[in-house]
Amino acid sequence: GKEFYDKFDLVKNLFKEADDTLNFSLSKLILEGPKEELDLTANTQPAIFLISYSIYNVIKTEFNIDLNKAKYFAGHSLGEYSALSCAGYLNFTDTLKILRIRGDAMQNSVPKGEGGMVAVLGSKVETIEKILNEQNLSAQIANDNSEGQIVLSGKTDDLDKLILILKENAIKNIKLPVSAPFHCNLMNKATNIMSGELNKLNFKEGENKLISNVTANEISNTTELKELLVKQIENRVRWRESVINMIGSGVNHLIEIGPGKVLSGLVKRISKDVKIDTINNKVDIEGLKIWVI
């Protein structure tokens, strides 16, 4: 975010508004660290949203590119909140507040060390589901990210057993350095907290259509949106299916906005027939002007 912060007053103003909204200096944490504190999910979630929202608004206001012409807005896990805010369903300050609460609730749902996540590479969802059912382990598929990339969540003991089973079946896996087992039923406390908090918020009917992480389909109204955001805490992020469904409805070009290129990499694994661009620096935006009408 530093490049945008240094070059655009719009971003400086958003960073200041974020600090005022959250009553602490999120901007200083982003720009100066320490990294260990920024990596706490209660800080990471509003930070990633702030950068994504800042870049989106720089594209719109500084470069006069109308991304509201997009057929869909979609995001992965906390990115779904960035998508719904940019699409006009939830205002900037309310999104910051709810992500701070979401991050804190998810972090504190399970005592540290009692849960984790494992990435499984090169295997199909059906294969992993079969293993989970046969072994009767509490682990769940947390992210169906792309062809050959699945993430599992669960209790540490069950994941350790599962890792041995995966190795016996020559299935490559990596234990992830995360602080909690996201997107599984161990997040039940966070679900209860978010259910109450989301119902306090005033969602507007946005002009753009959203794709839900939970269903991989269009969200049709704000009542359904709230329900799905609550379900999202414990349910699988169906990113692979979301991309397939968007392509199936005629989308041939996706634009990733935010820090990093993770989703662009996933999309390339899902389909070779769709164009994908990543916008996370000023040069990317200037390239965007060439083809966006």
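Biologist: In the hairpin of β3 and β4, which residue takes a positive phi?

Modeller: G148 does, with a phi near 80°, in a hairpin that has two residues between the strands. Strands here are DSSP runs of E with at least two residues, and helices are runs of H or I with at least four, both numbered from the N terminus. This is a predicted model, in which local features need pLDDT of at least 70 and side-chain atom pairs count only at pLDDT 80 or more, while totals for chains, interfaces and linings use all residues. Residues are numbered from 1 along each chain as its sequence is written, and side-chain values use heavy atoms, with hydrogens and water left out.

Biologist: Over how many bridges do β3 and β4 pair?

Modeller: Strands of a sheet pair through backbone hydrogen bonds, either parallel or antiparallel. Two strands count as paired if DSSP finds at least two bridges between them; β3 and β4 have five, in the antiparallel sense, and S146 stands opposite Q149 in β4.

Biologist: What is the order of the strands in the open sheet?

Modeller: The four strands run β3-β4-β2-β5, with antiparallel pairing. Because β3 (140-146) and β5 (172-175) stand at the edges with a single partner strand each, one side of each is left without a neighbour in the sheet.

Biologist: How do β2 and β4 pair, and which residue is the partner of V118?

Modeller: β2 (residues 115-121) and β4 (residues 149-155) are antiparallel over seven bridges; V118 has L152 as its bridge partner in β4, and A119 stands opposite V151.
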